[in-house]
Amino acid sequence: MNYDDEVGHDDTLELEQFEEEERKQFIKARIEHEWMSDWISMQAAMENPVYDKINPHFDSQYASLESVIKATIKVANKYNFAVVQELMNDENSVGCITHIFHRSGYQRSYGPFFITPQKQGPHGAGSAASYSKRYSLMAIFGVDGEKDDDGNIAMGTNNFAQDGLEELN
């Protein structure tokens with residue numbers, strides 16, 4: 001009786017298991033490479049959405065959800081990606097999870113990204129859902145949907161920078 005028989009060791013089975021695990025890792029790496037190759041090509045072709053709306057409260061331009069979809073999802077489709085946005089809510093907020101599927105079978109999910117509606121009711125919820133979907137798409141695809149106000153709106157001011165740069169002393 002040899003050592004392998006004594007301990008129940010089977011080199012052939014171990015080698016097959018190792019080869020199967022190595023094969024799975026190789027396939028996963030190829031799928032991820034295909035995803036990334038298409039993602040890079042897609043981003044190279046993607047442009048910022050058109051600023052087609054005006055926010056009357058801050059007198060600023062921004063891209064509507066429709067414009068963001070045209071700039072992101074429509075381009076993503078051409079590069080073998082499908083995008084699904086799943087709406088959800090919790091006690092006080094509305095949000096979405098964005099799922100991106102690739103023809104290779106690889107997929108990624110981002111979120112959830114929640115927004116608390118300023119108004120109660122269906123109009124507030126719809127507005128928060130639209131906002132969540134729009135900002136999620138812009139963040140995932142790396143596009144900009146608003147003109148830069150140099151942080152003035154976030155700071156509560158509406159002092160937009162003038163054309164050109166001011167000299168620093």
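What share of the contacts in the chain with a separation of 6 or more comes from residues 24 or more positions apart? Such residues account for 50% of them, where a contact means heavy atoms within 4.5 Å. Before going on, a word about what you are looking at. This is a predicted model, so local features need pLDDT of at least 70 and side-chain atom pairs count only at pLDDT 80 or more, while totals for chains, interfaces and linings use all residues. Residues are numbered from 1 along each chain as its sequence is written, and side-chain values use heavy atoms, with hydrogens and water left out.

The chain averages 83, and 76% of the residues score at least 70. Residues 158-169 are another story: pLDDT stays under 50 there, and the model has 8 contacts beyond four places in sequence for this stretch.

Now for the overall layout. The chain has 5 helices and 5 strands. These are DSSP runs numbered from the N terminus, with helices being H or I of at least four residues and strands being E of at least two.

S4 and S5 run antiparallel and are joined by 7 bridges. Have a look at Gly95, which stands opposite Phe114 in S5.

On to the inside. Of the 169 residues of the chain, 27% count as buried, meaning under 20% relative accessible area, with exposed being over 50% and partly exposed in between (1.4 Å probe, protein chains only). The largest nonpolar core has 18 residues, and among those touching the most other members are Trp39, Phe81 and Phe141. A nonpolar core is a set of buried Ala, Val, Leu, Ile, Met, Phe, Trp, Tyr and Cys residues joined through side-chain atoms within 4.5 Å.

Aromatic rings are worth a tour too, with 6 pairs in the structure. Rings of Phe, Tyr and Trp (its six-membered ring) pair if their centres lie within 6.5 Å; planes under 30 degrees apart count as stacked, over 60 as edge-to-face and the rest as tilted. Trp35 and Tyr106 have ring centres 5.1 Å apart and planes at 75°, so they are edge-to-face. That pair links Trp35 in helix H2 with Tyr106 in the loop between S4 and S5, 71 residues apart. Trp39 and Phe81 are edge-to-face as well, with 5.4 Å centre to centre and 90° between the planes. Both Trp39 and Phe81 are buried. Ring pairs link Trp35, Trp39, Phe81, Tyr106 and Phe141 into a cluster.

For a contrast, find Glu91 in the loop between S3 and S4. Glu91 is exposed, with a relative accessible area of 77%.

Conventions: pLDDT = per-residue confidence, 0-100. Pairing = 2+ DSSP bridges.
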